[in-house]
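User: Hello! I would like to learn how to read a few features of a protein model. Could you guide me through this one?

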Amino acid sequence: LATLEQISGLTQEQAKQFLLKSVEEEIRLAASVCVHTLRAGLSVGFATNMPQKQHGKSTIIAPAEGSAWEEALLDGFAHLQTHCSEKFVPLLDSLSNYTDTDILILSSYDSESIRQAIEKLENNGNQVTFCKTEGGRL
């Protein structure tokens with residue numbers, strides 16, 4: 001298999017910076033969606049397979065509401081490390097205790113295993129919407 005560097009003609013450092021910028025744009029998109037939803041008066045939380053700076057495991061912040069919650073959410077996004085602590089499907093599986101919840105999944109990846117994990121969440125009574133993103137855009 002060819003690497004991103006070989007396909008694009010970028011140096012390894014340029015490719016690394018390109019991927020980092022893309023991840024940061026995805027984080028901004030997710031944070032914007034959360035803030036917009038929170039300001040509409042709904043409960044908001046988020047989960048990601050990126051750890052926060054103070055620990056090495058995936059980040060799961062349970063839904064809450066209110067104006068004070070916006071600062072806590074943004075703080076959670078600000079402290080994300082830009083690498084994965086686990087694969088995405090196990091993260092989705094860890095949300096199995098949520099029921100009757102609206103879940104929006106923003107991901108630059110799609111696969112049969114992701115779709116199966118979404119189906120499990122839906123079978124728990126959740127409404128799940130999957131949006132494939134690219135470079136911080138829907």
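Analyst: Gladly! Keep in mind that this is a predicted model. Let us begin with the aromatic rings: the count here comes to one aromatic pair.

User: Which residues form that aromatic pair, and how far apart are the ring centres?

Analyst: The general idea is that ring planes under 30 degrees apart count as stacked. Here phenylalanine 46 and phenylalanine 77 sit 3.9 Å centre to centre with 10 degrees between their planes, so the pair is stacked.

User: Which parts of the chain does the pair tie together?

Analyst: Phenylalanine 46 belongs to strand β1 and phenylalanine 77 to helix α3 (residues 67-78), so the contact links parts 31 residues apart in sequence.

User: Are phenylalanine 46 and phenylalanine 77 buried or exposed?

Analyst: Both phenylalanine 46 and phenylalanine 77 are buried.

User: Now the strands, please. How many bridges join β1 to β2, and in which direction do they run?

Analyst: Two strands pair if there are at least two bridges between them. Strand β1 (residues 44-51) and strand β2 (residues 58-64) run antiparallel and are joined by five bridges. In one of them, valine 44 of β1 has alanine 64 in β2 as its partner. A hairpin of six residues leads from β1 to β2.

User: What is the phi of aspartate 100?

Analyst: Most residues other than glycine have a negative phi. Aspartate 100, by contrast, has a positive phi, near 50 degrees.

User: Where is aspartate 100, and is it buried or exposed?

Analyst: Aspartate 100 lies in the loop between α4 (88-93) and β3 (102-107). With a relative accessible area of 67%, aspartate 100 is exposed.

Definitions and conventions
Residues numbered from 1 in each chain as written. Predicted model: local features only at pLDDT ≥ 70, side-chain atom pairs only at ≥ 80, totals over all residues. Heavy atoms only, no water. Helix = DSSP H or I, 4+ residues; strand = E, 2+ residues; numbered from the N terminus. Buried < 20%, exposed > 50% of the residue type's maximum accessible area, 1.4 Å probe, protein only. Phe/Tyr/Trp six-rings, centres within 6.5 Å; stacked < 30°, edge-to-face > 60°.
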